[in-house]
Amino acid sequence: MKVKILFIAVIVFIMTFNSLSYAQETAGGPSNISAGIITGYNRGYGIQGNFTIRDFADEFPFELRFGVGYTFLDPGNAADARRIFINNATNGVPEKKGGSFDLRLDFLLPKSIFGINHSYIVFGPRFSTFKGNFKFIGGNEDFDVSSSQWGIGGGLENHFKMTRNLDLVVSAGLDYYFPSTLKGHDTAYSPDNVNVNPRNDNQNEDTPFTYKDADNAINQPKFMPRIMIGVNFNL
């Protein structure tokens, strides 16, 4: 599913980019479009592709940037995930992997920062799909826990001219994603605790697990600090 979403996003990116480039060439004016790639720390290793549109409306103070990215994340506590979403068994050697696919829209406000003129204040909405996989070798368990979340984020960016059409980009910021339903196997835990097939906690008098328990066990995106570096190519 994630591959299909990424494929669709790339196709939309290419079609939008081609139409904007053609319109700009037809108008005969300077390009107002740039494309970039940025990578680094995003509560894990992350990489993002984006394109930016400038001066598309009179007196509109912001540049607009559309981005798509993927971050490799620690999915959480394997033993707790098994108890909360599957059963209370403890056999097997745990293996885990996780990641988050995100889409983002940024508003970029040009502003001198730390005496650097080519700098921006950045903010905007985000959307993320998270999936963590937990496997217990010798324990006959292999399951995913997933969620989809909306969020908001902001930060600061400095752009340094390298050549006429190429900029070095240094970015720092913080994204926040709102609580969302966590789904795994045949179980789901929601922020309002209207849960589906919750498991019982055998370490607490078989009290059913809650959303708080699931959220503590699973590292779905929440606060996502980011420090990244990349390049922008002015088209």
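In what follows, Ala, Val, Leu, Ile, Met, Phe, Trp, Tyr, Cys and Pro count as nonpolar, Asp, Glu, Lys and Arg as charged, and the others, Gly among them, as polar. The model is a predicted one, in which local features need pLDDT of at least 70 and side-chain atom pairs count only at pLDDT 80 or more, while totals for chains, interfaces and linings use all residues. Residues are numbered from 1 along each chain as its sequence is written, and side-chain values use heavy atoms, with hydrogens and water left out.

Helices (H or I, at least four residues) and strands (E, at least two) are DSSP runs numbered from the N terminus, and two strands pair if DSSP finds at least two bridges between them. Strand β3, residues 63–73, runs antiparallel to β2 and is joined to it by 9 bridges, with F66 of β3 as the bridge partner of F51. β3 is also joined by 11 bridges to β4, residues 93–110, again in an antiparallel arrangement, and here L64 stands opposite F107 of β4.

A cavity is a set of points, on a 1 Å grid over the protein atoms alone, where a 1.4 Å probe fits but cannot get out, and its lining residues have an atom within 4 Å of a point. Grid points are joined across faces, edges and corners, and a volume is the space filled by probe spheres set on the points. Of the 13 residues lining the largest cavity, I38, N50, R65, E157 and V169 lie nearest its centre. Two or more lining residues come from each of β1 (33–41), β2 (45–53), β7 (166–177) and β12 (223–234), and β12 gives the largest share, 4 residues. By class, this lining of the largest cavity has 4 nonpolar, 6 polar and 3 charged residues.

The second largest cavity contains about 60 Å³ of space and is lined by 13 residues, with V122, G154, G155, S171 and R226 nearest its centre. Its lining has 3 nonpolar, 4 polar and 6 charged residues, and β5, β6 and β7 each supply at least two residues to it.

Turning to the side chains, F143 has contacts (heavy atoms within 4.5 Å) with A81, R82, F85, I86, G132, N133, F134 and F136, not counting residues up to four places away in sequence.

Note on methods: On a 1 Å grid over the protein atoms alone, a cavity is a set of points where a 1.4 Å probe fits but cannot get out, and a pocket is an open set with protein on both sides within 12 Å along at least five of seven lines; lining residues have an atom within 4 Å of a point.
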